[in-house]
Amino acid sequence: TWHLKKIPQIVRERTFSLDSPKFEAKTKLELNSVCGIECQRKLPVPSLSDLKNLLSYETVFENGTRTLTEVNVLGAVLDPAGNTTTRRPSRKKRQIYGTDSRFSIYDKRFMTNFPFNTAVKISTGCSGILVSPKHVLTAAHCLHNGKDYVKGSKRLRVGLMKTKSRSNGRKRKGTSDGMPSFQWTRVKSTHIPKGWFKGVSGDIALDYDYAVLELKRPHKRKYMELGISPTIKMMPGSMIHFSGFDNDRSGQLVYRFCSISDESNDLFYQYCDAEPGSTGSGIYLRLKEPNKKKWKRKIIAVYSGHQWVDINGEQQDYNVAVRITPLKYAQICFWIHGNDENCTQG
């Protein structure tokens, strides 16, 4: 069951104009030398002043101008347990684990309907998820490498799925109902938490690998609501689901579900089969609404992708997702609504 929680408040304090970024960074779908499982155990719990710094955010607009907004955090509960994880054996590099369990969605009855039609393609090569009539949630590293915005993010576009006939209305024998094409929409502005930037957060940037894009024009599709990420024990079968546009299956929407193996306060470590391109996908659960018989899907994490980390001096790999904690829920909700009145419970 989804449990309602009281959400901390993110309050805007001051906004400053910054110089225009260079937009010269290379897009990188695999990250190196990020803080992994062992490193996470050693991290101190952020203080309130740390949180204010990490959750302050940068906004870049379509004309290339940029601002920094400083925030205050009210009502945050700091967890004294820190970033604990469950210890598991290490494994060798494999992005597809054993039998490839991914499903390509061909049938347009599924592709163009909820929840699959909430998946979008980002023009820098990643995926994303619709979280309001005008907003898309994705991974920060699809847009910014920690020091500068990536090439192509100045004229950023989001592709919403539609289906096109492969045979001018006449269906050829043996063909599918339609292949997905994209209706591309310009991005008006992009929000990235300051915790993602190198020099602010050091090695803990992966905890803040999320961003919200505001579209220039609203869409009329059903979107996915935000939810607060429960612990593994509170998930049916510890299972998560997500859909994205994996590079090795060009032009196809790829769906998968799998179980989570480890968790820290901010990250899920899992063995989902995925290839580059699905980075930035919204990870969701289907749980019952409180006091109702209805089931509801909500986004509880952002897929950050296949990552290399340094553990005890060795390079090891895992697939990781950034959890939507109460603080991140408050921040993303604030970006979507522009105030905290609609973000008191989640």
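**Figure 1. A salt bridge joins Arg 323 and Glu 263 in this predicted model.** The nitrogen-to-oxygen distance between the two side chains is 3.3 Å; a salt bridge is defined as a side-chain nitrogen of Lys or Arg within 4 Å of a carboxyl oxygen of Asp or Glu. Arg 323 belongs to strand β18 (residues 314-323) and Glu 263 to strand β14 (residues 253-263), so that the pair, 60 residues apart, links distant parts of the chain. Helices (H or I, at least four residues) and strands (E, at least two) are DSSP runs numbered from the N terminus. Both Arg 323 and Glu 263 are buried; buried means under 20% relative accessible area, exposed over 50%, and partly exposed in between (1.4 Å probe, protein chains only). In this predicted model, local features need pLDDT of at least 70 and side-chain atom pairs count only at pLDDT 80 or more, whereas totals for chains, interfaces and linings use all residues. Residues are numbered from 1 along each chain as its sequence is written, and side-chain values use heavy atoms, with hydrogens and water left out.

**Figure 2. Glu 62, Arg 186 and Lys 216 are linked in a network of salt bridges.** Lys 216 lies in the loop between β11 (211-215) and β12, and Glu 62 in the loop between β3 (57-61) and β4 (66-74), so the pair ties together parts that are 154 residues apart in sequence. Lys 216 is partly exposed, at 37% relative accessible area, and Glu 62 is partly exposed at 24%.

**Figure 3. Glu 58 and Arg 66 form a salt bridge.** Their closest N and O atoms are 3.1 Å apart. Glu 58 counts as buried because its relative accessibility is 8%, and Arg 66 counts as buried at 17%. The whole structure contains 10 salt bridges.

**Figure 4. The largest nonpolar core has 65 residues.** A nonpolar core is a set of buried Ala, Val, Leu, Ile, Met, Phe, Trp, Tyr and Cys residues joined through side-chain atoms within 4.5 Å. Ile 122, Leu 137, Val 158 and Leu 226 have the most contacts inside this core. Helix α4 (residues 326-337) gives the most to the core, with eight residues. Apart from it lies another core, of 16 residues, among them Cys 258, Leu 285, Ile 300 and Tyr 303.

**Figure 5. Ser 278 is buried in a loop.** The loop in question runs between β15 (267-270) and β16 (282-288). Ser 278 counts as buried because its relative accessible area is 0%. Not counting residues up to four places away in sequence, Ser 278 touches Ser 127, Phe 242, Gly 244, Phe 245, Asp 246, Arg 256 and Tyr 303, a contact being heavy atoms within 4.5 Å.

**Figure 6. Helix α2 (residues 48-55) contains Leu 48 as well as buried leucines.** Leu 51, Leu 54 and Leu 55 are buried in α2. They cover an arc of only 85° around the axis, which puts them on the same side of the helix; the arc is that of the directions from the helix axis to the C-beta atoms. Leu 48, in contrast, is partly exposed because its relative accessibility is 39%.
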